[in-house]
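Please look at the sequence and the structure before reading on.

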Amino acid sequence: MDTNHTTQDFQQLKEGADQYIKRRNLRLLANHRKELRNFTRAEASTYLGIDAKTLDKYVASTEIDPRRHEDSQWSIDIEEMYQVRALLPESLRKEIKFERSSKQTAQVIVIQNQKGGVGKTVSAATIASGLATEFHQEYRVGLIDMDGQATLSMYYAPEAAQEGCLSVGDLMMRNFDLDEGETYEQAVSEAFLPTTIPNLRILPASQTDRAIEGWFHEQVFSQQLPSPYSILSTIIDTVKDEFDIIIIDTPPSLGYATYNAYYAATSVVFPLSITENDIDATCSYFSYIPQVWALLKNADHAGYDFMKILLTNHKDSSTTTELMNSLYDHFAPYLYSKEFKNSEAIRQSSSLLSTVFDMSKSEYPKSKSTFQTAQQNSYEVTSQIQRDILSVWREQEQA
Ligand SMILES: Nc1ncnc2c1ncn2[C@@H]1O[C@H](COP(=O)(O)OP(=O)(O)OP(=O)(O)O)[C@@H](O)[C@H]1O
Ligand SMILES: [Mg+2]
C-alpha cells in the first residue's frame, strides 16, 4: 500500500477512460449524424390535419420541392413542415400558436428519481420532443442535462463537446469568459443549442460536469456560496422569456446538481419502472423526500404546481398488474393513468440516440407498426403532462 501507487493507478484509469470516450464519441458522431425527421405526403397531411390537395397547394407556395429526392418519393423534413404550417390560415391550423401571457410563467419540470435506470433520460427526451412536435401550439421547449453522464446531450447535442460549447456545469461554475462585447445573458442564451427539432433547444452537460459536486463542496466549505441551491434557477431566469416549457433530466443521486434542479423546478415528475426492486428503492427515496423538501423550502422554494409519478417500461403481465394494484393503493392521486410502455421501438430509438418523435418511421429498422404503437403511447404519455401544464397556465391567467 502506498499513496503514490494508488495515485498512479487512478491516473491511468483516467487516461484510459478519456481515450475511450474520445474514440467512442468520434465513432458515434460518424455513425449517427442525425437526420431531420421526415414525412411522406400521407404523414404530412395527417400531421397538419389537412387533405393532400390542400397540402400540395401550401407546399407549392414555398420554395420546397418535395420530389427532389433521388428516389422521387414525396418527402419533406420537419423544418419544411414548420414552414408550411406557418403559411396555414388559423382556420386550417390544428391549434393556434401559443403566446404566453405576462401572467403565465415558463413551466420548469424536473425529472427525478434517485434510483438509477428507471427511465429518467428516455422520459425527459420523449416528453420534451413530444411537447415540441406533437402539439401545434408550437411550445418553445428547453432541455437541461444536469447529469454529468451526459446521455441526454448525446441525443441532441452530440457535437457540443468537440465544438467547445458551454455546458450547464460551465455556466454554474462560471467556467467561461465573455467574448468582447458579449453579455452574460447572451452567453447563457447561446449555451442553449439548437437541435434537429426547430422549437427544441438543449443546454448540454459535458463529461467535465462531474466536477460540479466537488466544486460545490469546496465553495460551501469555504463559505463562498451563501445560496448553493439557486444557481441553476438564476441561469434559467436569464432565458425564461425564450421558453414556455423547460424539462430537466437529473442524475440518479441527491447531490447539489439534483438540489439545483429541484429548486429551479415548478413541477416534478418521478419516473418509476414497474419492477419490485425499483418500487422498493423508490419507496425508500419517498420516505426520505420530506427532508429534501425541508431544505428546499428553507431556501424559499415557493412549492410545486404539480407532482406526478410516471410509470415507465411497463410490460403487460400478471406480476405487473399486481404491482400496479398495490401502487394504486398507496399513490393513486399521484399516478399518471397512462404508463410509458416497454417497447422495442423505444429501446431501439434510444440506442440510436433518438426518440420516436425525432426520427421518421422509415428510419426505424424494424416493424413499422411497433414504431407507430410506441409513438401513439408516447403521445398519450406526453399529453398528460401537457394537460397539467395547461391547467397551471389556466389558473395563472385567472388569478
Ligand atoms: N419504455 C421503454 N421501453 C424500452 N426500453 C426502455 C423504456 N424506457 C427506458 N428504456 C431503457 O431502459 C434503460 C434505462 O433508461 P434511462 O437511461 O432513461 O434511465 P435513467 O433513469 O435515465 O438511468 P440513469 O439513472 O442511469 O440516468 C435504457 O437503456 C432505455 O433504453
Ligand atoms: Mg439518465
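A polar contact is a pair of N or O atoms within 3.5 Å; within protein, one atom must be able to donate a hydrogen and the other to accept it, and residues adjacent in sequence count only if both atoms are side-chain atoms. This is a predicted model, in which local features need pLDDT of at least 70 and side-chain atom pairs count only at pLDDT 80 or more, while totals for chains, interfaces and linings use all residues. Residues are numbered from 1 along each chain as its sequence is written, chains are lettered from A and ligands numbered from 1 in the order in which they are written, and side-chain values use heavy atoms, with hydrogens and water left out.

The side chains of Ser129 and Thr355 are joined by a polar contact of 2.9 Å. Ser129 belongs to helix α5, which spans residues 120-133. Helices (H or I, at least four residues) and strands (E, at least two) are DSSP runs, numbered from the N terminus.

Is Ser129 buried or exposed? Buried means under 20% relative accessible area, exposed means over 50%, and partly exposed lies in between (1.4 Å probe, protein chains only). Ser129 has a relative accessible area of 0%, so it is buried. Contact means heavy atoms within 4.5 Å. Apart from neighbours within four places in sequence, Ser129 is in contact with Tyr156, Ile197, Leu200, Thr355, Phe357 and Asp358. Asp358 is 229 residues away from Ser129 along the chain, yet their C-alpha atoms are separated by 6.9 Å.

Asp249 sits in strand β7, residues 245-249. With a relative accessible area of 1%, Asp249 is buried. Its side chain and that of Thr121 are joined by a polar contact of 2.7 Å. Thr121 is also one of the residues that Asp249 touches when those up to four places away in sequence are not counted; others include Ile111, Lys120, Asp145 and Leu152. The C-alpha atoms of Asp249 and Phe270 are separated by 11 Å, and these two residues are 21 residues apart along the chain.

Ser378 is part of helix α15. This serine is buried, its relative accessible area being 1%. Setting aside residues up to four places away in sequence, Ser378 touches Thr126, Phe340, Ile346, Val356 and Phe357.

**Helices that pack together**

Axes are lines fitted to C-alpha atoms, for helices over the stretch in contact, and angles run from 0 to 180 degrees between N-to-C directions.

| Helix pair | Angle | Distance between axes |
|---|---|---|
| α9 (residues 212-221) and α11 (residues 256-264) | about 85° | 8 Å |
| α14 (residues 344-351) and α15 (residues 368-398) | about 90° | 8 Å |
| α11 and α12 (residues 276-298) | about 70° | 11 Å |

How are α11 and α12 placed relative to each other? Angles under 35 degrees count as roughly parallel, over 145 as roughly antiparallel, 65 to 115 as roughly perpendicular and the rest as oblique. Helix α11 is therefore roughly perpendicular to α12. Tyr259, Tyr262 and Tyr263 of α11 make this contact with Tyr285, Tyr288, Ile289, Val292, Leu295 and Leu296 of α12. For residue classes, Ala, Val, Leu, Ile, Met, Phe, Trp, Tyr, Cys and Pro count as nonpolar, Asp, Glu, Lys and Arg as charged, and the others, Gly among them, as polar. By class, the contact of α11 with α12 has 9 nonpolar residues, no polar and no charged ones.

On the α9 side of the contact with α11 are Ile212, Glu213, Phe216, His217 and Val220, which meet Tyr256, Ala257 and Asn260 in α11. This contact has 5 nonpolar, 2 polar and 1 charged residues.

In the α14 and α15 pair, Glu344, Ala345 and Ile346 of α14 meet Thr370, Phe371, Ala374 and Ser378 of α15. The classes here are 4 nonpolar, 2 polar and 1 charged.

**Two loop residues with positive phi**

Gln223 is not glycine, and its phi is positive, near 55°. Gln223 is placed in the loop between α9 and α10 (231-239). With a relative accessible area of 73%, Gln223 is exposed.

Asn313, also not a glycine, has a positive phi of about 55°. Asn313 is placed in the loop between β9 (307-312) and α13 (318-331). At 42% relative accessibility, this residue counts as partly exposed.
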